[in-house]
Amino acid sequence: QVQLVESGGGLVQAGGSLRLACAASGRTFSSYSMAWFRQAPGKEREFVAANRWSGGNSYYGDSVLGRFTISRDDAKNTAYLTMNSLKPEDTAVYYCAAVLRILSTTSIRWAGEYDYWGQGTQVTVSS
């Protein structure tokens, strides 16, 4: 069983930055595919960023490309989402997700492929 715990959300002004963290349990963290998704009120869950394995390529949603960066620290079993140049439309609950296999470059964007989810952390960007 894998447990994911997010932290780092909060209120920030437009143009500001935040870094979210996702602490994972388990001994093979480097082999997990890890991702971040977000969900705003009244909207579907949206793919934000993903990393196929530690040291592997990263993938981003079109709306965050160039502003957000996903990273991992294997020693701490933690994944991060660094968010820069935040916009009011980035306001959402952010979830980290994991699966104990390497996903394809296509399926890595699909929420249904992930077996484990965190509880979510709220990010609010004021204008």
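Predicted model: local features only at pLDDT ≥ 70, side-chain atom pairs only at ≥ 80, totals over all residues.
User: Which residue forms a salt bridge with Glu46?
Analyst: A salt bridge is a side-chain nitrogen of Lys or Arg within 4 Å of a carboxyl oxygen of Asp or Glu. For Glu46, the closest N and O atoms of the pair are 2.8 Å apart. The partner is buried, with a relative accessible area of 5%, and its name is Arg38.

User: How many residues apart in sequence are the parts tied together by Arg38 and Asp90?
Analyst: The side chains of Arg38 and Asp90 meet in a salt bridge at 2.9 Å, N to O. Arg38 sits in strand β4, whereas Asp90 is in the loop between β8 and β9; strands here are DSSP runs (E, at least two residues), numbered from the N terminus. The pair therefore links parts whose separation in residues is 52.

User: Where does Arg67 lie, given that it also meets Asp90?
Analyst: The side chains of Asp90 and Arg67 come together in a salt bridge of 2.8 Å, N to O. Asp90 is in the loop between β8 and β9, so this pair ties together parts that are 23 residues apart in sequence, with Arg67 in the loop between β6 and β7.

User: Which residues do the salt bridges with shared partners join into one network?
Analyst: The structure holds 5 salt bridges. Both Asp90 and Arg67 are buried, and Asp90 has a relative accessible area of 1%. Through shared partners, one network forms from Arg38, Glu46, Arg67 and Asp90.

User: In what order do the 4 strands of the open sheet come?
Analyst: Strands of a sheet pair through backbone hydrogen bonds, either parallel or antiparallel. Here two strands count as paired if DSSP finds at least two bridges between them. The pairing in this open sheet is antiparallel, and its order is β1-β3-β8-β7.

User: Which are the edge strands of that sheet?
Analyst: An edge strand pairs on one side only. The twist from one strand to the next averages 15°, taken between axes that are lines fitted to C-alpha atoms, with angles running from 0 to 180 degrees between N-to-C directions. The edges are β1 (4–7) and β7 (68–73).

User: How many bridges join β7 to β8?
Analyst: β7 and β8 form a hairpin with 4 residues between them, and Asn77 in the turn has a positive phi of about 50°. Across the pair, Arg72 stands opposite Ala79, and Ile70 faces Leu81. The two strands run antiparallel, and the number of bridges is 6.

User: In β8, which residue is the bridge partner of Cys22?
Analyst: β8 is mostly covered, as 5 of its 6 residues are buried. Strand β3 (residues 18–24) pairs with β8 in the antiparallel sense over 6 bridges. The partner of Cys22 in β8 is Ala79.

User: Why is β9 largely enclosed by the rest of the structure, and how many of its 8 residues are buried?
Analyst: β9 has antiparallel partners: β4 (residues 33–39) over 7 bridges, β11 (residues 121–126) over 3 bridges and β10 (residues 116–117) over 2 bridges. Among the bridge partners are Val99 for Ser33, Val123 for Ala92 and Trp117 for Ala97. β9 (residues 92–99) is called largely enclosed because of its count of buried residues, which is 7 of the 8.

User: Which side chain of opposite charge is nearest to Arg52?
Analyst: Arg52 is found in the loop between β5 (46–51) and β6 (58–60), and a polar atom of its side chain lies 2.8 Å from the backbone oxygen of Leu103. Not counting residues up to four places away in sequence, Arg52 touches (heavy atoms within 4.5 Å) residues including Tyr32, Arg72 and Ile108. For charge, Lys and Arg count as positive and Asp and Glu as negative, with His and the chain ends not counted. Arg52 is buried yet has no salt bridge, and the nearest opposite charge, 11 Å away, is Glu113.

Terms used. Residues numbered from 1 in each chain as written. Heavy atoms only, no water. Buried < 20%, exposed > 50% of the residue type's maximum accessible area, 1.4 Å probe, protein only. Polar contact = N/O pair within 3.5 Å; in protein donor to acceptor, adjacent residues only side chain to side chain.
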